[in-house]
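This report describes the fold of one protein chain, from its overall dimensions down to individual residues. The sequence and the model are shown below.

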Amino acid sequence: MRYSRQELIIGKDGQEIIGKKTVGIVGLGAIGSVSAQILARAGIKKLILIDRDVVELSNLQRQLLYKEEDVGFPKAITAKKALKKINSEIIISSFAEDLNPKNIDLLKKADIILDCTDNLETRFLINDFCIKFSKLWIYAAGIATRGTILSFSKDSPCFRCIFENSKSNDTCETTGVLASTTMIVGSLQAKIALDILLNKKVPSEMIWLDVETFNLQKIKVKKRNGCPACNKNFEYLKGEKGSKTTKVCGKSTYQIRGEKKNLNELKKRLERIDKVRGNSDFLIFRNISIFKDGRVLIKADSEKEAKSIYSKYVGN
Ligand SMILES: [Zn+2]
């Protein structure tokens with residue numbers, strides 16, 4: 001029996017319950033790789049995977065769903081393939097897209113949403129969406145040797161209550177991150193997700209841990225007076241806050257969101273200049289990755305340079 005060891009812990013009825021649940025995972029990097037894999041192996045009914053990035057060589061040290069041959073390809077698509085090989089019985093839909101107010105309905109059918117992203121803006125958006133539609137979600141983050149996990153429900157403080165004024169400039173690129181950090185964070189996030197789906201009580205505190213000192217603490221969090229999201233002013237969901245060009249956590253990569261593209265046409269155009277890889281869904285040209293939804297990832301030293309490359313090869 002595929003789930004026999006797990007059923008000794010959660011019971012056959014528990015297995016039946018999780019076998020009917022849908023989990024949305026935003027971000028398929030280091031933490032998302034772990035969470036998605038645990039839930040796929042556990043026998044969740046359906047996973048909805050959303051990730052805007054492509055696999056880079058520097059990801060392989062910790063993002064355990066990817067191999068060398070995957071470098072350059074979208075993480076969402078590659079993750080789906082890898083997870084299907086692990087458990088062919090579950091349903092997986094994957095979207096190589098940047099989560100934004102226009103496409104966040106992709107998560108509407110999720111019973112719970114796991115934040116495995118690397119940026120506050122997307123988290124504020126998920127927060128707005130989950131308050132508006134009374135959805136449960138779990139924030140998880142890891143940098144260097146430290147990790148944090150916190151689950152949100154209807155009556156809890158929200159993400160904006162706690163992180164509104166957070167100004168962390170730490171990124172994986174500048175500060176670094178250990179695989180052990182992200183793997184323990186993803187592992188705990190998946191455990192909490194399964195507990196919530198099984199209606200078990202989960203910590204209301206923020207879990208903070210350090211794999212260097214082996215400290216693990218539970219930190220109390222509070223609602224903040226005047227929090228816009230708690231007062232149903234969903235600035236991120238309405239698109240009033242958020243930017244069009246964003247720096248991606250990785251090697252000097254910028255994302256520019258433009259119009260939808262006909263990639264067959266674009267491919268012909270670019271082939272006159274240099275070699276182009278990919279098909280009608282996705283193109284790779286030099287240091288530029290182009291998605292059909294209009295997103296373009298550009299390796300550049302500055303936002304300005306990224307915009308210049310965009311104008312030159314993709315077109316505004
Ligand atoms: Zn709030």
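## Fold and local geometry

Arg286 is located in the loop that links strand S12 (282–285) to strand S13 (288–291). In this predicted model, Arg286 has a positive phi of about 50 degrees, although it is not a glycine. Most residues other than glycine have a negative phi. Arg286 counts as partly exposed because it has 14 C-beta neighbours inside 10 Å.

Asn199 is another residue other than glycine with a positive phi, in this case near 65 degrees. Asn199 lies in the loop between helix H7 (179–197) and S7. It has 8 C-beta neighbours inside 10 Å and therefore counts as exposed.

The description now turns to the chain as a whole. The domain assignment divides the protein chain into domain 1 (4–219) and domain 2 (245–314), and the C-alpha centres of the two domains lie 27 Å apart. Nine helices and 14 strands make up the secondary structure. The C-alpha trace spans about 60 × 50 × 40 Å along its principal axes. For 316 residues, a compact globule would have a radius of gyration near 20 Å, and the protein chain agrees with this, having 20 Å. Of the 316 residues, 41% count as buried. Among contacts with a separation of 6 or more, 68% are between residues 24 or more positions apart.

An open sheet is formed by eight strands in the order S3-S2-S1-S4-S5-S6-S7-S8, with mixed pairing. Strand S3 (91–95) and strand S8 (215–219) stand at the edges; each has a single partner strand, so one side of each is left without a neighbour in the sheet. From one strand to the next, the twist averages 15 degrees. Helix H4 (residues 120–132) packs on this sheet and touches strand S1 (22–26), strand S4 (112–115), strand S5 (136–143) and strand S6 (146–152). The direction of H4 makes about 165 degrees with that of S4.

| Strands | Sense | Bridges |
|---|---|---|
| S2 and S3 | parallel | five bridges |
| S6 and S7 | antiparallel | four bridges |
| S7 and S8 | antiparallel | five bridges |

Ile48 stands opposite Ser93 in S3. Gly147 has Leu209 in S7 as its bridge partner, and Trp208 stands opposite Gln217 in S8. The hairpin of S7 and S8 has four residues between the strands, and in this hairpin Phe214 takes a positive phi near 65 degrees.

Packing between helices is illustrated by helix H2 (residues 30–42) and helix H3 (residues 75–86), which meet at an angle of about 30 degrees with their axes 9 Å apart. The crossing of H2 and H3 is right-handed. On the H2 side, Ala36, Gln37, Ala40 and Arg41 take part, meeting Ala79, Leu83 and Ile86 in H3.

Methods:
Residues are numbered from 1 along each chain as its sequence is written. This is a predicted model: local features need pLDDT of at least 70, side-chain atom pairs count only at pLDDT 80 or more; totals for chains, interfaces and linings use all residues. Domain bounds come from an automatic or database domain assignment. Helices (H or I, at least four residues) and strands (E, at least two) are DSSP runs, numbered from the N terminus. The radius of gyration is taken over C-alpha atoms; the globule rule is 2.2 Å times the number of residues to the power 0.38. A residue is buried if 20 or more other C-beta atoms lie within 10 Å of its own, exposed if 12 or fewer, and partly exposed in between; C-beta atoms are placed from the backbone. Two residues are in contact if their C-beta atoms, placed from the backbone, lie within 7 Å. Two strands pair if DSSP finds at least two bridges between them. Axes are lines fitted to C-alpha atoms, for helices over the stretch in contact, and angles run from 0 to 180 degrees between N-to-C directions. A crossing is left-handed if the near helix is turned anticlockwise from the far one by less than a right angle, and right-handed if clockwise.
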